[in-house]
Amino acid sequence: MTNLPGPADHQGLGPPPPLFQIGRRRQLGGGKPGRHWLLLIVAALVALVVSNVGMGLYADLLWFRSLGYGDIYLKRVTVQLVLFFLGAGIFLVFFWGNVVLARRSLGRIADAVPLAQRLNASPVALRVIAVALSAFLAITFGGAAGGRWQTFLLWFEGRSFGTSDAQFGRDAGFYVFTLPALHFIQGWILGVLVITLLATLALYASATRLERGVPMAPPRGAKTHLSLLVVAGLLLFAFRHWLAPFDFQLRPSGEVFGVGYVDDHARIPIQYALVVLAVLAALVTLVSIRRRSVALPVGVIGVWLFASIVVANAYPALLQRLVVEPDEFSRERPYIVHNIEATRRAFQLDNIVEQLYPAEPRLTRAELDAGSATIADIRLWDPRVIRDTYSELQALRPLYTFNDVDVDRYDLGGSDGRRQVMLSARELTYQRLPIDARGWVNRHLQFTHGYGIVMSPVNAVTATGQPQLLVQDIPLRGVLKVDRPEIYFGELTDTYAIVNTKEQEFDHPEGSNNVYTTYQAESGVALSSIWRRLTYAWEFADPNILISGAMTPESRVLYRRNVRERVAEIAPFLGLDRDPYLVVAEGKLYWMVDAYTTTDRYPSSRHSSGGYNYIRNSVKVTVDAYTGETTLYLFDQEDPIAAAWAQIFPDLLRSLDTMPPALREHLRYPEGLFRPQAAMYLTYHMTDPRVFYNREDLWVIPVEKLRDVDIAVEPYYVTLRLPGFAQPEFVLILPFTAANRNNAVALLAARSDGANYGKTLALRFPTSDLIPGPRQVEARIDQDDLVSQQLTLWNQAGSVVLRGNLLLVPVGKSYIYVEPLYLQAASLPFPELRRVIVIANGKIAMEPTLEEALLVIFGERAASPPAGAGIGATPVATPTPGTPPPAGTARPTVTAVPGATPEGIAALVRAANAAYDRAQERLRHGDLAGYQREIDEVARLLQQLSALAR
């Protein structure tokens with residue numbers, strides 16, 4: 001039998017030459033091919049991340065350049081990249097330097113028993129893990145440094161506030177600009193040090209075990225290396241203890257904000273003692289490197305830790321309990337004074353001029369006549385209510401909507417002169433398109449913009465209880481000329497639009513037809529190349545931008561069209577008011593946005609509910625509603641934070657002198673500043689430390705009724721003549737009541753006109769008299785027999801009564817309260833002004849007009865009897881639709897309207913509901929023309945019903 005050759009004898013020929021040998025690893029499918037696939041996957045991931053970041057940076061650069069802010073963006077990105085690479089580089093150098101040093105210290109041990117063998121791991125896997133972990137940590141620490149670009153820029157460019165804290169004598173700029181940077185640097189370095197210490201400790205620990213389990217003594221240099229890292233850490237903690245006393249100025253302590261008695265006498269001395277202990281521990285550790293025993297440094301470090309954890313908490317608690325609480329006011333008095341002074345500076349409460357206002361209970365006819373300018377412009381329309389009325393009267397197409405209503409003043413010329421008005425933008429939102437009509441072309445190429453505005457006086461009402469429109473309809477008509485009514489940039493535009501494509505844009509409806517247009521400005525980013533189209537297809541994750549045949553070389557993409565988002569992207573260091581408001585100037589529509597500089601690091605100042613303890617309205621921003629041109633104006637040149645940003649970006653913030661006069665006329669004191677000031681003034685009007693400590697004169701914001709729900713009174717813009725001044729002004733006011741009581745105690749007013757802009761006035765009522773507050777007035781309204789009877793009647797037969805703003809208006813040496821009442825059908829949000837309630841001279845009057853109510857108050861006419869129930873109220877003549885009477889026109893003579901019977905009313909209600917249902921059905925099927933016809937029918941029927949409601 002022939003023996004078959006075995007695998008080892010190769011038929012006596014010996015092993016094959018090396019060239020023809022096949023390695024076992026390749027035969028088993030492992031080795032280099034797996035490594036190649038791993039490297040390929042890693043490379044692909046890196047390329048994807050780099051491409052995504054690169055595309056985003058390029059798209060942002062194009063967008064900033066389209067606005068003329070390319071250099072600002074490049075500077076910002078450059079600073080971020082420098083900080084990122086600097087942070088990542090420092091980490092890698094320090095981390096790998098210590099790793100290499102540790103590996104060299106291992107010396108013979110590392111050569112005899114490789115790390116992979118000691119850890120029972122693959123050398124390739126170990127290297128991949130080490131590199132990946134190092135890269136991840138470098139990116140993390142680099143990203144942390146790059147993300148603090150604002151902190152570092154303010155540190156470099158920050159300047160003096162001109163005020164010093166009472167505890168340390170440090171300028172407030174140290175706390176706002178320098179201290180945040182020092183804290184970040186200390187924390188960042190400590191993080192790098194801890195990661196490095198753990199890595200080197202792990203390396204040294206891995207060298208103390210062999211395959212047979214016999215431990216090996218650590219290498220000679222391990223102790224020195226680790227001790228030096230511990231010394232560095234102790235010195236960093238010493239630096240943190242040195243910074244800690246300044247932090248006590250930024251947080252509450254007992255009854256005050258900022259340093260208190262316990263801080264001053266316990267916590268701050270302990271922190272300085274901890275500085276000494278940490279430095280001593282570092283020195284002892286350094287000296288003990290040459291000694292075999294580590295007992296001494298461990299003991300000193302233990303003492304430091306004990307003092308940091310136990311003593312630093314126990315001793316202040318004992319001092320508070322045994323020394324402060326038995327005599328708190330006398331102990332805390334100087335610190336309360338510091339807190340009051342700092343908070344009043346930080347919120348500009350020290351600029352409020354306090355004036356005693358008599359608030360006499362009786363208003364004379366002479367005072368009423370002298371205050372005719374105030375009475376003539378009292379706001380009767382509530383912005384929260386009139387928006388629904390605008391929507392029913394002026395939306396015109398289901399695509400349009402009104403986001404909110406703003407209050408402003410305009411010089412209308414002629415006999416009207418300067419009037420206080422309400423204004424709202426007719427914006428377009430694709431969400432109102434039928435679902436099956438929300439395709440890409442409709443959303444981004446055709447339905448790209450809103451159209452025009454609606455404007456009405458704050459106090460004018462038509463015979464049917466609707467606002468008297470000064471600017472209305474599509475195309476626009478009215479008292480103001482608007483050459484560019486298109487609204488491409490607004491409060492609701494949250495999608496991108498591409499203009500100048502082969503698809504024409506829907507501009508506005510005209511009857512049953514549509515008018516189309518083409519964008520005329522050079523705004524946005526030109527999609528003039530395939531590369532740019534690819535960039536934005538990537539940016540928006542939308543391939544249609546790349547493949548659509550509607551694109552032309554002249555196409556442009558408009559994005560970040562929401563005005564707040566737009567400003568926030570340009571200046572992320574500014575806080576923005578939540579209510580941009582629209583302005584008509586020079587035939588164009590502009591959005592005005594109030595911007596704020598804030599910080600939570602002003603020493604000894606109390607923090608607001610927004611988390612900051614310092615605020616300034618430092619910047620005014622305008623955004624062209626058609627072009628999107630965004631301009632930032634430096635408004636408060638005395639604010640050190642704004643001045644620092646102006647120094648950092650000298651081409652970003654323009655001088656206020658360059659703002660067109662037509663826009664400057666519409667600057668107003670913003671609610672975003674007024675609200676936190678008012679909230680702080682509730683407590684910090686008390687400047688006497690004992691009164692402040694005892695909360696003897698604490699105020700609160702009163703409540704009023706809106707839609708039968710009690711809510712806090714909101715600040716409201718009114719035009720009135722402030723006591724002691726000759727001319728009526730546009731002011732923002734808010735009443736205050738005493739805590740735990742409902743009587744009014746003061747009225748805070750912020751002025752907005754001309755040279756008086758920014759001046760604030762507090763009218764303080766006499767403490768000897770009980771001035772009724774809004775809650776008490778609302779209760780009196782509810783308890784009045786005639787009013788309650790009327791409200792009961794109106795809340796029947798499918799109607800709902802809405803109560804508007806309750807306004808406290810000073811007139812002469814007295815005051816009046818005014819509250820409008822609106823009526824709407826329960827099935828349709830279409831409020832109409834039906835009555836005006838006036839409370840003055842201890843009387844209540846509810847009449848169709850403010851003038852009539854005042855006549856009743858003064859006994860010059862009899863009170864009107866309650867109107868009929870529900871929507872079938874006392875009828876009046878119905879004016880011709882679209883031709884409201886001019887301001888000041890008397891109401892038409894009351895005449896009967898056919899159909900004012902229960903049966904006729906019910907028939908009209910059924911017809912209106914049926915038309916509304918048909919309109920909704922047509923909308924669901926995308927029949928916009930049919931929808932409009934049915935809505936017009938609803939409006940016609942509602943006009944008939946409105947006539948019956950009077």
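**Close-up views of a predicted model**

**View 1. The hairpin of β18 and β19.** In the hairpin that β18 and β19 form, 2 residues lie between the strands, and Glu586 takes a positive phi near 55°. This is a predicted model, in which local features need pLDDT of at least 70 and side-chain atom pairs count only at pLDDT 80 or more, while totals for chains, interfaces and linings use all residues. Residues are numbered from 1 along each chain as its sequence is written, and side-chain values use heavy atoms, with hydrogens and water left out. Strands (E, at least two residues) and helices (H or I, at least four) are DSSP runs numbered from the N terminus. Strand β18 (residues 581–585) and strand β19 (residues 588–599) run antiparallel and are joined by 5 bridges, and two strands count as paired if DSSP finds at least two bridges between them. Leu582 has Trp591 of β19 as its bridge partner. Strand β18 is mostly covered, with 5 of its 5 residues buried, where buried means under 20% relative accessible area, exposed over 50%, and partly exposed in between (1.4 Å probe, protein chains only). On one side of β18 the buried residues are Tyr581, Val583 and Ala585, and on the other they are Leu582 and Val584.

**View 2. The open sheet β12-β16-β15.** In this sheet, 3 strands follow the order β12-β16-β15 with antiparallel pairing. Because β12 (497–499) and β15 (525–526) stand at the edges, each with a single partner strand, one side of each is left without a neighbour in the sheet. Between β12 and strand β16 (residues 556–558) there are 3 bridges in the antiparallel sense, and the bridge partner of Val499 in β16 is Arg556.

**View 3. The surroundings of Val256.** Val256 is found in strand β2 (residues 256–257) and counts as buried because its relative accessibility is 0%. Leaving aside neighbours within four places in sequence, Val256 is in contact (heavy atoms within 4.5 Å) with Glu332, Tyr335, Ile336 and Asn339. Val256 and Ser605 are 349 residues apart in sequence, and their C-alpha atoms are 9.0 Å apart in space.

**View 4. The largest nonpolar core and another core.** A nonpolar core is a set of buried Ala, Val, Leu, Ile, Met, Phe, Trp, Tyr and Cys residues joined through side-chain atoms within 4.5 Å. The largest such core has 220 residues, of which Leu632 and Phe736 touch the most other members. Helix α3 (residues 70–106) gives the most to this core, with 11 residues. Not counting residues up to four places away in sequence, Phe736 touches residues including Ala678, Tyr681, Leu682, Trp699 and Leu748.

**View 5. The largest cavity.** A cavity is a set of points, on a 1 Å grid over the protein atoms alone, where a 1.4 Å probe fits but cannot get out, and its lining residues have an atom within 4 Å of a point. The count comes to 3 cavities of 30 Å³ or more, and the largest cavity holds about 80 Å³ of space, a volume being the space filled by probe spheres set on the points, which are joined across faces, edges and corners. Of the 13 residues that line the largest cavity, Leu428, Thr429, Tyr430, Thr495 and Arg561 are the closest to its centre.

Notes: On a 1 Å grid over the protein atoms alone, a cavity is a set of points where a 1.4 Å probe fits but cannot get out, and a pocket is an open set with protein on both sides within 12 Å along at least five of seven lines; lining residues have an atom within 4 Å of a point.
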